[in-house]
Amino acid sequence: MDQLFQLFHLLLVDPMTNVLVALARLFGGNFGLAIIVFTLVMKFVTWPLTASQYKQSRAMQTIQPQMQELQKKYKGKDPKKLQQETMALYREAGVNPIGCLIPMLVQFPIWIALYQVINLSLGDTPESLVTLSGRLYPISYVHQAVPLNNGLLYWNLGQPDASYVLPFFVAASMYVQQKLMTPTPAAGASASSQQQQQTAQMMTWMMPLMFGFWSLNVPAGLALYWGVSNVAGIVMQYFYMGRKVEWKSLLRFGPASAPAPAATANRSEKVKAAPKPAAADIEVDEGGEATMLPGPRSTRRNKHGRRRGKR
Amino acid sequence: MAALAGLALFAAACGAPPGPVGWAGAVPVTVDSQRLILVSHKSRLYALRDGSSIASWQFPPKDKNSYPVSTETSEKLSATADALSIDAAAKAEIQRKVKDLTVSGPSGDALKKAISDSGAPDDQKSGAKSLVDAAVKFEKDALGKLQALYGDTGVSADGRTAYVPTFRGMVFALDTGTGSVRWVRDAGAEIVGGVAVDGDTIYFGTKANRLFSLDAASGEQRWAFKTKGEVWATPAVEGDTIYVTSLDGSLYALDKTGQQKWVFASASSGIAARPVIAGDAIYVGAFDNKLYSVKKADGTMNWSMKADNWFWAAPVVRDGIVYAASLDGKVYAVDALTGAKTWERPFNTGSAVRAAPVVAGGGLIVAAKSGRVYKLDLLSGQPVDGGAPVELGVKVLANLTSDGDKTVYVVPSSATLYVLDATAALGAPGSFPLPR
């Protein structure tokens with residue numbers, strides 16, 4: 001465990017510490033500006049993963065009807081076949097079931113490392129400064145950056161923000177980002193699909209609330225990272241979607257015109273009868289690659305029988 | 001679910017950051033022919049009897065209900081009682097209650113009741129009771145605001161008063177015989193450095209970019225000097241000049257009225273080390289990895305010497321040689337006049353050195369952060385008699401203290417005082433666990 005801890009420091013905490021301290025010196029010793037620049041750089045570096053996350057989650061949604069059909073066909077009868085067909089469907093749609101998790105998993109170590117970097121670099125205790133001296137690379141530029149300015153506006157970035165401004169900023173920006181990533185359930189979607197999408201909708205609330213709560217308890221520097229990261233994510237998503245974002249959807253707090261969940265007995269009929277889920281802004285190309293597309297929804301299907309979005 | 005699992009992971013990995021622990025060095029004092037060693041651990045100060053783990057007193061006390069308010073408060077309340085328009089018997093009763101007043105417990109209410117029953121005019125009663133409330137609250141809060149002790153305790157020339165700076169910004173003047181408080185002041189910001197005592201005046205700096213001068217007897221502020229950065233080191237006083245370093249990278253020289261004489265501002269990073277005065281120069285290490293020699297007369301630089309990491313420990317000057325330990329783990333010896341290296345190579349302890357070394361028993365005693373303590377030959381820089389270091393097995397960041405030329409006190413991060421016999425090669429230290 002101790003070796004793992006040391007490896008984590010060697011590979012992540014120490015390089016991040018030195019980069020941030022060097023950036024801080026570049027910005028006149030201001031650690032807050034260093035965090036903002038670092039966040040933007042990290043956002044840029046991890047953008048391919050984030051874009052992949054968007055694609056994966058949307059593609060998963062588009063194949064839900066086919067998944068339900070397979071379930072209906074094989075569940076309880078031929079589990080092996082069900083598994084094979086499901087995997088084939090994933091392959092066909094270019095979906096990696098754990099693909100959505102990768103960007104998230106990549107970010108967790110960064111958050112943990114950043115938390116430790118902030119405590120190390122902006123810690124209010126003299127001990128943290130002694131520890132910091134041992135973490136800095138033998139480069140005069142970073143050695144001479146200390147003492148660091150831990151202030152940005154009125155925040156002490158080494159301490160939690162007791163004014164609630166940063167936690168609110170984090171929660172609000174995360175809500176917007178989550179909302180843009182999660183489509184509102186379409187009216188007439190199957191009960192099962194409705195349920196899944198309601199869960200996704202719930203996450204658009206849960207995540208901001210949780211991060212807002214966390215921001216009350218972690219150093220303001222980390223909350224700043226989250227907030228700036230969210231805003232950068234929103235901006236990148238805006239351009240990724242061809243500058244056509246349905247901003248009004250931010251005020252839609254649930255399945256606007258969705259019917260009441262159907263009784264279990266009627267579910268299969270509902271699946272057949274209901275229009276396909278709202279994936280009009282997703283196109284699954286010939287290689288199975290799902291792409292977010294702007295524009296009105298369509299019920300057009302491709303040659304594989306899957307519905308296509310229309311530009 | 002992935003997000004929730006990740007947050008759980010985040011929560012597990014990101015516990016609360018470690019709080020301040022403190023690293024004040026030991027201070028030996030003699031009070032009424034009794035030898036006491038003032039040792040701190042975290043937020044407590046212990047007055048250990050020499051050569052034992054028995055504490056004559058500890059501060060703050062475990063039982064605040066029986067801990068008297070400061071002498072200053074007691075005298076102030078006594079004077080207030082004397083000024084009340086009441087008969088002698090009622091005054092005597094109030095004086096008794098003032099004498100019994102403690103920082104916590106029912107004694108405050110008893111005193112206020114005595115004032116209420118004294119027959120004094122209502123406005124006098126009201127004023128006196130408010131004074132009791134304010135004084136007791138301030139002192140109770142002050143005792144709860146120690147947090148950690150970093151700065152070395154200053155002791156008056158007669159050994160009767162110890163000036164204890166706390167990380168939360170309180171300065172206590174303690175009676176070294178009993179551990180009771182003579183007076184307490186709120187400096188308004190954290191204090192990392194120690195208190196320098198110069199006759200009837202004490203000096204200390206704070207993280208609010210201030211150097212304070214206080215009357216040692218009363219605690220009244222004489223002046224405050226504003227620096228450009230935080231003051232983390234104990235000031236040094238010689239003759240009519242006070243020298244203080246700052247994280248703004250400067251060494252300031254002030255006269256005793258608080259007026260700046262000169263400032264040395266050539267360090268390209270902060271200075272947290274205590275300046276050391278020897279001959280015509282001041283020696284101070286900085287966070288730009290350099291040790292500086294500065295002319296005492298005008299603050300111009302004589303020379304500088306570069307290490308591989310910051311200097312935080314105060315150097316030692318002996319027989320024309322400056323011995324300085326760095327956070328790069330090395331101990332350097334340079335000629336005090338020229339800055340030329342006098343050892344063939346610096347001695348490498350293998351671990352950062354934050355604790356200021358001392359000269360004792362004809363050698364340089366150095367404690368590394370790792371808990372290894374070395375005695376180095378002053379001329380060669382090699383361990384005396386080829387001796388192995390003393391392994392304390394616990395982190396050492398507090399300045400070492402020599403008592404005479406024979407004994408060295410080491411205060412580690414654990415609740416123990418180590419006492420080394422420096423007369424020969426270092427052997428097993430005396431170990432004195434602090435009272436629980």
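How far does helix α3 of chain B reach from its first C-alpha to its last? In this predicted model, local features need pLDDT of at least 70 and side-chain atom pairs count only at pLDDT 80 or more, whereas totals for chains, interfaces and linings use all residues. Residues are numbered from 1 along each chain as its sequence is written, and chains are lettered from A in the order in which they are written.

Helix α3(B), comprising the 12 residues 88-99, reaches 16 Å, close to the 16 Å expected at 1.5 Å a residue, the expected span being 1.5 Å times one less than the number of residues; helices are DSSP runs of H or I with at least four residues, and strands are runs of E with at least two, numbered from the N terminus. Its buried residues are Ile94(B), Lys97(B) and Val98(B), where buried denotes 20 or more other C-beta atoms within 10 Å of the residue's own, exposed 12 or fewer, and partly exposed in between, with C-beta atoms placed from the backbone. Because they cover an arc of only 105° around the axis, they lie on the same side of α3(B), the arc being that of the directions from the helix axis to the C-beta atoms. The face turned away from this buried side carries the exposed residues Ala88(B), Ala89(B) and Ala92(B).

Chain B also contains an open sheet of 4 strands in the order β9-β10-β11-β12, with antiparallel pairing, for which DSSP must find at least two bridges between two strands. Strands β9 (196-198) and β12 (221-226) of chain B stand at the edges, each with a single partner strand, so one side of each lacks a neighbour in the sheet. Strands β10 (201-206) and β11 (210-215) of chain B pair over 6 bridges.
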